[in-house]
Amino acid sequence: MADPKKLFIKTYGCQMNVYDSERMAEAMGGAGYVTTETPDDADMILLNTCHIREKAAEKVYSELGRFKGLKAEKPDLKIGVAGCVAQAEGEEIMRRQPLVDLVVGPQAYHRLPEMEEKARGGAKALDTDFPEEDKFEKLKGRGKAKRAPAAFLTVQEGCDKFCAFCVVPYTRGAEVSRPAERVLNEARDLVERGVREITLLGQNVNAYHGDGPKGGTWSLADLIWELDKVDGLERIRFTTSHPNDMQDDLIAAHGECSKLMPYLHLPVQSGSDKILKRMNRSHTAESYLRLIERIRAARPDILISGDFIVGFPEETEEDFQDTMALIEEVKYGQAFSFKYSTRPGTPAAERPLVDDAEASDRLYRLQALITQQQQEIQQSMVGREVSVMFERKGRLEGQMVGKSEYLHAVHVANADVNVGDIRAVRIVESSANSLGGVLV
Ligand code: SAH
Ligand code: SF4
Ligand code: F3S
């Protein structure tokens with residue numbers, strides 16, 4: 001038998017892309033490919049891209065340029081672009097970078113093996129359809145190989161919210177939920193392969209409304225409660241949620257379902273009602289704060305994480321101060337913050353920009369506040385006992401690293417544990433981005 005061909009995939013963007021990359025690698029496995037860690041010995045290179053901000057999208061072109069030499073040495077090398085830049089700029093990619101053989105959008109990647117064959121034949125292959133068929137159904141079942149203890153599982157894709165700044169509704173298409181039975185089967189498969197923690201993924205995961213196994217529609221909470229019954233699955237997480245889809249049953253699950261981890265990523269973007277309105281977020285700062293109160297009433301120790309955009313068109317210093325006030329009130333354990341980036345084709349793209357230096361200064365101030373809150377929460381963990389699922393060896397001899405229920409990275413020296421073990425750990429120190437502890 002011929003040696004298997006080698007596939008190198010580089011993944012940008014969100015967790016959904018991480019999941020998609022795994023599925024693409026598996027799909028190509030059926031076409032005789034194994035994955036490789038370096039582009040140098042690859043027969044095919046696939047960039048799974050992100051279009052969310054200008055910088056992310058531009059990175060693709062510079063990255064592609066770097067493969068010129070490789071392609072000259074190895075004319076058989078096939079180069080593909082997948083993901084959200086592929087969806088948004090498919091034909092332009094082909095024009096701007098002639099070394100690209102194949103472009104595949106996030107809803108069409110089940111067709112990747114046929115496209116590879118077409119590219120092998122010397123033709124260019126482009127597929128950025130939003131096909132009627134369910135790509136997950138068309139993809140072959142997942143392999144049985146043992147895998148790492150934490151896994152992602154996409155349950156919902158796309159978005160109908162159309163925030164004025166965001167490309168996701170255009171790159172991922174309309175909101176679609178996978179049927180509950182298929183999600184449950186995939187989860188059970190993952191658990192058989194050694195997975196103990198599953199993070200359910202969706203652009204608006206809490207808008208999940210999949211067909212139930214016996215008719216009716218299931219909410220995300222219904223799905224979580226069913227997963228709660230799966231022996232061997234110890235931890236459930238979900239991301240990313242939209243404030244307007246945070247239903248009562250999901251809030252209640254945070255208080256009642258012991259496998260559901262006390263961590264919630266709930267982006268708000270801004271604390272100014274004027275800006276929220278212009279962003280088309282359809283919630284206010286106040287409604288967000290009241291929602292956080294209800295979630296904390298259900299699960300007092302829950303760690304809240306968020307996303308913020310500063311310098312959205314026409315944001316004033318006063319609007320920014322409203323965002324800082326909201327942050328002061330919520331007290332975030334973690335947050336991602338970005339300077340507004342104009343995305344062609346989105347409603348906000350036409351509006352007057354905030355001065356760039358001013359926007360940078362706001363980002364700096366916001367990040368300083370978030371860092372301070374993050375450090376305070378990490379410090380408050382010192383002396384406490386947390387539960388850690390170990391995921392890998394640390395850099396130091398004998399050290400193991402895992403995640404607490406609050407998603408803090410925790411390292412333990414001389415830990416006599418295996419990857420996948422979940423153990424009680426007493427936190428003894430807090431450093432910039434992680435905690436240190438000892439086994440209890
Ligand atoms: N579906 C998720 C977010 C998806 S994008 C949600 O609704 O919360 C992830 C984050 O990128 C967003 O929360 C937002 O903070 C940021 N983002 C999206 N578009 C952006 C843009 N044009 N400029 C800057 N940041 C942006
Ligand atoms: Fe983008 Fe808004 Fe949809 Fe999130 S809810 S993916 S920010 S349009
Ligand atoms: Fe980026 Fe697409 Fe995810 S734009 S953030 S990879 S959905």
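What distance separates the centres of domain 1 and domain 3, taken over C-alpha atoms? In this predicted model, the two centres lie 36 Å apart. The domain assignment divides the chain into domain 1, covering residues 5-127, domain 2, covering residues 136-379, and domain 3, covering residues 385-439.

Strand 3, formed by residues 44-49, is mostly covered, with six of its six residues buried. The side chains of M44, L46 and N48 point one way from this strand, whereas those of I45, L47 and T49 point the other way, and the residues of both sets are buried. In a regular strand, side chains alternate between the two faces of the sheet. Strand 3 pairs in the parallel sense with strand 1 (residues 5-11), the pairing being made over five bridges, and within this arrangement L7 stands opposite M44. Strand 3 also pairs with strand 4 (residues 78-82), again in the parallel sense and over five bridges; here the bridge partner of I45 is I79 in strand 4.

T49, one of the buried residues of strand 3, is also among the residues around ligand 3. The shell around this ligand consists of C14, N17, T49, C50, H51, I52, C84, R172 and Q203, and its residues divide into four nonpolar, four polar and one charged. Three cysteines of this shell, C14, C50 and C84, are listed by UniProt, in an unreviewed entry, under "binding site". Although these three positions are spread over 71 residues of sequence, they cluster in space, with a largest C-alpha distance of 10.4 Å.

C14 is found in the loop between strand 1 and helix 1 (15-29), while C84 is found in helix 4, which covers residues 83-96. C14 has a relative accessible area of 38% and is therefore classed as partly exposed, the range for that class lying between 20% and 50%. C84, by contrast, has a relative accessible area of 10% and is therefore classed as buried, since that class requires a value under 20%. When residues up to four places away in sequence are not counted, C84 touches T49, C50, H51, P106, T171 and R172.

Definitions and conventions:
Residues numbered from 1 in each chain as written. Chains lettered and ligands numbered in written order. Predicted model: local features only at pLDDT ≥ 70, side-chain atom pairs only at ≥ 80, totals over all residues. Heavy atoms only, no water. Buried < 20%, exposed > 50% of the residue type's maximum accessible area, 1.4 Å probe, protein only. Helix = DSSP H or I, 4+ residues; strand = E, 2+ residues; numbered from the N terminus. Pairing = 2+ DSSP bridges. Near = heavy atom within 4 Å. Nonpolar A, V, L, I, M, F, W, Y, C, P; charged D, E, K, R; others polar. UniProt positions renumbered as here; feature names shortened; annotations may be inferred. Contact = heavy atoms within 4.5 Å. Domains from an automatic or database assignment.
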